[in-house]
Amino acid sequence: MAYAWPVLAAAVASWIAGAVWYGLLADRWIVALETTKDALMGPSGRPSAVPYAISFVAEIVMAAALLFFLLRPGPPSAAGGMVLGGLVWLGFVGATLLVNNVYAKRRPDLTVIDAGHWLAVLLIQGAVLGAMA
């Protein structure tokens with residue numbers, strides 16, 4: 001629990017940074033998605049709160065994963081490499097894919113397929129690197 005506040009502070013700061021970033025680039029982002037602002041709205045005609053909540057939770061996970069890497073000592077091993085590969089996937093790749101796809105209103109199965117590929121890649125790389133390093 002000693003690290004709960006730093007993780008929360010990092011998540012809040014990064015969530016605000018994302019809001020500013022996409023606030024400044026919203027029109028370009030919508031064009032790059034090849035969609036319209038109306039198509040991205042919720043059923044009420046207003047933005048859904050769901051993507052914002054998901055992105056905040058993803059940023060908490062990302063901050064916790066990054067903190068783990070900052071604090072983790074120990075020699076490399078295949079099992080340790082797979083654990084780190086899984087954490088990289090969960091904290092960075094999976095969280096990023098989830099956030100990007102939920103805002104873009106992409107189908108959940110696209111997120112699962114793409115995230116599954118990167119999970120396999122990172123588990124394999126972690127095992128190989130951990131065993132050989």
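User: How are H1 and H2 oriented to each other, and at what angle do their axes cross?

Analyst: In this predicted model, residues are numbered from 1 along each chain, and local features need pLDDT of at least 70. Side-chain values use heavy atoms, without hydrogens or water. Angles between N-to-C directions run from 0 to 180 degrees, with axes fitted to C-alpha atoms, for helices over the stretch in contact. Under 35 degrees is roughly parallel, over 145 roughly antiparallel, 65 to 115 roughly perpendicular, and the rest oblique. Here the axes of H1 (residues 4-32) and H2 (residues 50-71) cross at roughly 130° and come within 8 Å, so the two helices are oblique.

User: Which residues of H1 make the contact?

Analyst: Contact means heavy atoms within 4.5 Å. On H1, they include Val7, Leu8, Ala11 and Trp15, facing residues of H2 that include Tyr52, Phe56, Ile60 and Leu67.

User: Is Glu34 buried or exposed?

Analyst: Relative accessible area, with a 1.4 Å probe and protein chains only, is buried under 20%, exposed over 50% and partly exposed in between. Glu34 has 75% relative accessibility, so it counts as exposed.

User: What about Lys105?

Analyst: Lys105 also has a positive phi, about 60°, without being a glycine. It sits in the loop between H3 (78-103) and H4 (108-132), and at 44% relative accessibility Lys105 counts as partly exposed.

Terms used: Predicted model: local features only at pLDDT ≥ 70, side-chain atom pairs only at ≥ 80, totals over all residues. Helix = DSSP H or I, 4+ residues; strand = E, 2+ residues; numbered from the N terminus.
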